Amino acid sequence: MIRPRRWLPMPMLSILLLVVWLLLQQSLGLGHWLLGGALALLIPLVVAPFYEHPPLLKRPLLLVRYIIRVLGDIIVANLQVSWIILHPRKHMNPAFIEYPLQLKENFSITVLASTITLTPGTVSAHLRMDGKSLLIHALDVDDIDKEIRDIHERYERPLMEIFEC
């Protein structure tokens, strides 16, 4: 007997692929349903061996709070970067920060690195092969230790609670 997980390893991805295919085609014709359905079944089968499943979401309400915090930080950082561009100073303090990671799961580290990169003025530049530190470039830093504490308190610690890493 064929188990559904074997021929449909990522059902939500399959549905999303089919919907996106139909939207791109701007048609609900039978041919588009058949081709979109075939792609929606085949693509997840091909990528399933490479797909790393995210850790279980232990505290979804904290995830909502995290997303709101990140969106607020993106707005504030946009204003700060705009201020820097509109009012240039002679001595900006760009810096590379080696951030020591407490997160262990690849998915959680990816979320943290993506969050840092989404925030204007910072970018995740490199993850060490041992997964113990993340190299971050910041546009203007006065105190590196304060930046490390801020990242830990605002992003990493909540991710550890959300995914219970």
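Trainee: Is the crossing of α2 and α3 left-handed or right-handed?

Mentor: This is a predicted model, and the values below are computed from it. In it, helix α2 covers residues 11-25 and helix α3 covers residues 30-47. Their axes lie 8 Å apart, at an angle of about 145°. The crossing of the two helices is right-handed.

Trainee: How do the residues of the contact of α2 with α3 divide into nonpolar, polar and charged?

Mentor: On the α2 side, the residues include Leu-13, Leu-17, Trp-21 and Gln-25. They meet residues of α3, among them Trp-33, Gly-36, Leu-39 and Ile-43. The contact divides into eleven nonpolar, five polar and no charged residues.

Trainee: How many Å separate the centres of domain 1 and domain 2?

Mentor: The domain assignment places domain 1 at 11-50 and domain 2 at 60-164. Helices α2 (residues 11-25) and α3 (residues 30-47) therefore fall within the bounds given for domain 1, as such bounds come from an automatic or database assignment. Taken over C-alpha atoms, the separation of the two centres is 35 Å.

Trainee: Which helix gives the most to the lining of the largest pocket?

Mentor: The largest pocket holds about 690 Å³ of space and is lined by 26 residues. Nearest its centre lie Ala-77, Gln-80, Thr-122, Asp-140 and Glu-147. At least two lining residues come from each of α4 (60-86) and α6 (144-163). The helix that gives the most, with seven residues, is α4.

Trainee: How many residues of that lining are charged?

Mentor: Asp-140 and Glu-147 are among the residues nearest the centre of the largest pocket. The lining as a whole has twelve nonpolar and five polar residues, and its charged residues number nine.

Trainee: What is the division of the lining of the second largest pocket into nonpolar, polar and charged residues?

Mentor: The second largest pocket has a volume of about 150 Å³. Its lining includes Tyr-66, Val-70, Ser-114, Thr-115 and Phe-163. Helices α4, α5 (106-118) and α6 each supply at least two of the residues, and α4 gives the most, with six. The division is ten nonpolar, two polar and no charged.

Trainee: From which helix does the largest share of the lining of the largest cavity come?

Mentor: A search of the whole structure finds one cavity of 30 Å³ or more, and the space in the largest cavity is about 30 Å³. It is lined by Leu-62, Arg-65, Tyr-66, Arg-69 and Pro-158. Four of these residues, the largest share, come from α4.

Trainee: How many residues lining the largest cavity are charged?

Mentor: The lining residues include Arg-65 and Arg-69, and arginine counts as charged. The lining divides into three nonpolar and no polar residues, with the charged ones numbering two.

Key
Residues numbered from 1 in each chain as written. Predicted model: local features only at pLDDT ≥ 70, side-chain atom pairs only at ≥ 80, totals over all residues. Heavy atoms only, no water. Axes fitted to C-alpha atoms, helices over the stretch in contact; angles between N-to-C directions. Helix = DSSP H or I, 4+ residues; strand = E, 2+ residues; numbered from the N terminus. Left-handed = near helix turned anticlockwise from the far one by under 90°. Contact = heavy atoms within 4.5 Å. 1 Å grid on protein atoms, 1.4 Å probe; cavity = no way out; pocket = protein on both sides within 12 Å on 5 of 7 lines; lining within 4 Å. Points joined across faces, edges and corners; volume = space filled by probe spheres on them.
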